[in-house]
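I opened a new model today and kept notes as I went. The entries follow the order in which I looked things up.

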Amino acid sequence: MGTDNNLAAVLESLQPSPGDTGLISADPYLCAQVLRVDGVAVCVMTDGGPGELLWSTGGTGAWLADVQYTFGQGPCLDVAASCAPVFAPDLSRLPSGRWPALLPEVTATGIAAIFCFPLSVGSACLGTLTLHRTVPGPLPDSAMTDAWLVADALSAVLLRGGPQQDAFAAGETSDFYGAVVHQATGMVSVQASVPLAQALLRLRAHAFRHGRTVAEVAEDVVARRLHFRDDEDGPETGAGEGTGRP
């Protein structure tokens, strides 16, 4: 099957079929192959930013989405704020002040280039499509064109609606990326007697200090391996500390 046919297969399979529970049905690994990158990830906007990872090649792709949310900086958040693409074809050449907390973590995984596209309608940003490569350099022109086609098709998927969209909007789907973070935020709010916004900040701060991702810390909170109390000692910790890198 040629490259054009592969792209057509990806575009045709993006829309979920009636029996699917997710919002996106296409094979992310085939998409990465077609776009000549090592990983892809799609995040949808929430009130707090692009916090819901909907679709990815897993591993480093999923981790890259999570670590940006942990540090509160990165191309996804820039795209969400501007609704304009952010391309970093060589992370080693970025100014030292660009994503200062994020860059060392990302480059340590071997990621050398990131390309982030808005999923948009007009000036409204619905989400982001992030591509990453382990070698520096711009995307070939044909791959760039194909990436924009995929981004436009994903935007149409998010706008179309359907039972999957209804379940997501109602919070009935539990396997989305941010579900465990939302649940843990509520638990920390109760444990520490703080508002939800401050509870989320505590989760992010704890993740940052311990070299973990917000999702990993949230999983420990939900599993009751980690408990937050409103005292000077910070949260009580149990098992589950780690680096958070894939």
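**Entry 1: Ser189.** I am working with a predicted model. I began with Ser189 and asked which element holds this residue. I found Ser189 in helix H8, which covers residues 179-192. I then listed what Ser189 touches, leaving out residues up to four places away in sequence. The list reads Val194, Pro195, Leu196 and Ala199.

**Entry 2: Salt bridges.** Side chains of opposite charge can pair when their charged atoms come close. How many salt bridges does the model have? I count four by the rule used here. I looked up several of them.

One of them pairs Asp90 with Arg93. The closest N and O atoms of Asp90 and Arg93 lie 3.3 Å apart. I also checked the accessibility of Arg93 and got 72%. Arg93 therefore counts as exposed, since the cut-off is over 50%.

**Entry 3: Asp220 and its partners.** I turned to Asp220 next. Asp220 forms a salt bridge with Arg212, and the closest N and O atoms are 2.9 Å apart. I found both Asp220 and Arg212 buried. For Asp220 I noted a relative accessible area of 3%.

Asp220 also meets Arg225 in a salt bridge, at 2.5 Å from N to O. What is the relative accessibility of Arg225? I read 36%, so Arg225 counts as partly exposed. Through shared partners, the salt bridges join Arg212, Asp220 and Arg225 into one network.

**Entry 4: Confidence.** I closed with the pLDDT values. The chain averages 81. Of the residues, 78% score at least 70.

Which element has the lowest mean pLDDT, and which the highest? Helix H7, residues 163-169, is the lowest with a mean of 47. Strand S3, residues 86-88, is the highest with a mean of 97.

I marked two stretches for their pLDDT. Over residues 163-175 the pLDDT is below 50. In the model, that stretch has 21 contacts beyond near neighbours in sequence. Residues 239-246 also stay under 50. For residues 239-246 I noted 25 contacts beyond four places in sequence.

How values were computed: Residues are numbered from 1 along each chain as its sequence is written. This is a predicted model: local features need pLDDT of at least 70, side-chain atom pairs count only at pLDDT 80 or more; totals for chains, interfaces and linings use all residues. Side-chain values use heavy atoms; hydrogens and water are left out. Helices (H or I, at least four residues) and strands (E, at least two) are DSSP runs, numbered from the N terminus. Contact means heavy atoms within 4.5 Å. A salt bridge is a side-chain nitrogen of Lys or Arg within 4 Å of a carboxyl oxygen of Asp or Glu. Buried means under 20% relative accessible area, exposed over 50%, partly exposed in between (1.4 Å probe, protein chains only). pLDDT is the predictor's confidence in each residue, from 0 to 100.
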